[in-house]
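Dear colleague,

I am passing on the structure shown below, followed by an account of what turned up when I went through it. Please keep it beside you while you read.

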Amino acid sequence: PCLLADSIIQLHLKYNASNQQTKTATVNVPSNATTSGTCLGQFSSIDLSFEPGNFSLQLKFARTIPLKPYPSKFFLGYIRLRYREDPTIFIGTATPDKDVDLVANFIALFVAFVGTSFRCNSEIVNPLGEMGQVSFRHTRVQPFAVQDGRFGNESVCSEDATTTLAPTTPTGTPFPAEGQWHVTGEDGKICLLADSIVQLQLRYNTSNQQTKTATVNVPSNATTSGTCLGQFSSIDLSFEPGNFSLQLKFARTIPLKPYPSEFFLGYIRLRYREDPTIFIGTATPDKDVDLVANFLALFMADVGTYFRCNSEIVNLFEGVGQVSFRDTKIQPFAVEGGKFGKESVCSEDPPPTTTKPVPPRGPNGGVIAAAVVVPVVVIIIGAAGFLYYRKRQNKASPYKTLN
């Protein structure tokens, strides 16, 4: 077994009735649901299918890059629910047998250290858009590093915790000038700080049927905008020529006692136009391109600190190119006085010997105005793994139990 899961799962789904009312159907995920899934190096998933209604509930997990001195963590980052409005469940539905597809993306639930299991007896509820929600009770999950088919030590959620087990600490082209960017909140205060040397490498097809790579440096004077919300924040860097727009979206986890909440970069979107002055000899001049890297866990550090990594960090846009970060300092939450907090150093860098003073911010911050809108496309490709699914009796509960 490579993934273990025990939980009582219940779905609450809204639908339109033939009498023009909005009703809610409650569906229990049965203990004998058909199970499939994948177990890859950085990702794993479990799919639960059952009838009637052709239900399919998919949970996708990821693991973070370890940040010294703490080991890697896992989290549930994506939920997808597909079903058919079966009239025996959706009583009086105005759209019998309608196919429905709901997604909750860019989330961070069930956070725990890899090698341990996440345990939470309290109810955890996650919305599925405006049409419903999924709730988990008496949950125990371990999507990575399962040993001998058994759960590892427990990492207890903050709602349940009385005592918590301590984690085991594990023993060609020049880059541009560093950009120093920030986002300003509606209150006029800086809410996100980002210093980095950012470079793009983008493939394109030429008119003589060759494939070339254009190298684009994100200028230090890129126009900045973004948002700062409670659980999410983002920064958008725009520049010419090429109508480039690079968007980075961050999220913060629910704190797991005794450890504080952590933030991470979960989503990157790059949009641009194939300007012939940059994409020399392109076969598609002025073509609009839109690239997304989703379901990520980069730049992870405790909220209130900033992530620092002088080493190069590269993230791929599948089959098209990559974005590289060097000399990076990021603090997307809990900025005090417009200055970086205490640093959290990436595992690739040696521990710092001295702390350099933080230079004053430049004038290129953006004022936030709009809420975060997150696309819902996530692709995970890989060989199927073997998952473990066990029935657990719970006579005191009216729900079915999943393991």
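The disulfide between C309 and C346 is right-handed, with 70° about the S-S bond, and its sulfur atoms lie 2.1 Å apart. Because C309 belongs to strand β20 (residues 305-309) whereas C346 sits in the loop between β23 (342-345) and β24 (366-367), this pair ties together parts that are 37 residues apart in sequence. C309 has a relative accessible area of 1% and is therefore buried, and C346, at 3% relative accessibility, counts as buried too. Please bear in mind throughout that this is a predicted model, so that every value quoted here is computed from it.

The search of the whole structure finds 4 disulfides, and, with the bonded cysteines counted along the chain, they follow the pattern 1-2, 3-4, 5-6, 7-8. I describe two others below.

C120 and C157 form a disulfide with a sulfur-to-sulfur separation of 2.1 Å, and the link is right-handed, with 70° about the S-S bond. This pair links distant parts of the chain, since C120 is in strand β8 (residues 117-120) and C157 is in the loop between β11 (154-156) and β12 (179-184), 37 residues apart. Are these two cysteines buried or exposed? C120 has a relative accessibility of 0% and so counts as buried, and C157, at 4%, is likewise counted as buried.

The disulfide of C2 and C39 has its sulfur atoms 2.0 Å apart, and with 80° about the S-S bond this link is right-handed. C2 lies in the segment before β1 (4-16) and C39 in strand β3, so the pair ties together parts of the chain that are 37 residues apart in sequence.

V125 is found in strand β9 (residues 124-127), and at 38% relative accessibility it counts as partly exposed. If neighbours within four places in sequence are left aside, V125 is in contact with Q133, V134 and S135, while the C-alpha atoms of V125 and Q10 are 9.5 Å apart in space although these residues are 115 residues apart in sequence. G185, found in the loop between β12 and β13 (190-205), has a relative accessible area of 7% and is therefore buried. Its C-alpha atom is separated by 7.2 Å from that of T227, and G185 and T227 are 42 residues apart along the chain.

Finally, a word on confidence. The chain averages a pLDDT of 80, and 80% of the residues score at least 70. Which stretches have a pLDDT that stays under 50? Residues 162-173 form one of them, and for this stretch the model has 15 contacts beyond four places in sequence. Residues 354-403 form another, for which the model has 142 contacts beyond four places in sequence.

Notes:
Residues numbered from 1 in each chain as written. Predicted model: local features only at pLDDT ≥ 70, side-chain atom pairs only at ≥ 80, totals over all residues. Heavy atoms only, no water. Helix = DSSP H or I, 4+ residues; strand = E, 2+ residues; numbered from the N terminus. Buried < 20%, exposed > 50% of the residue type's maximum accessible area, 1.4 Å probe, protein only. Contact = heavy atoms within 4.5 Å. pLDDT = per-residue confidence, 0-100. Disulfide = S-S within 2.5 Å.
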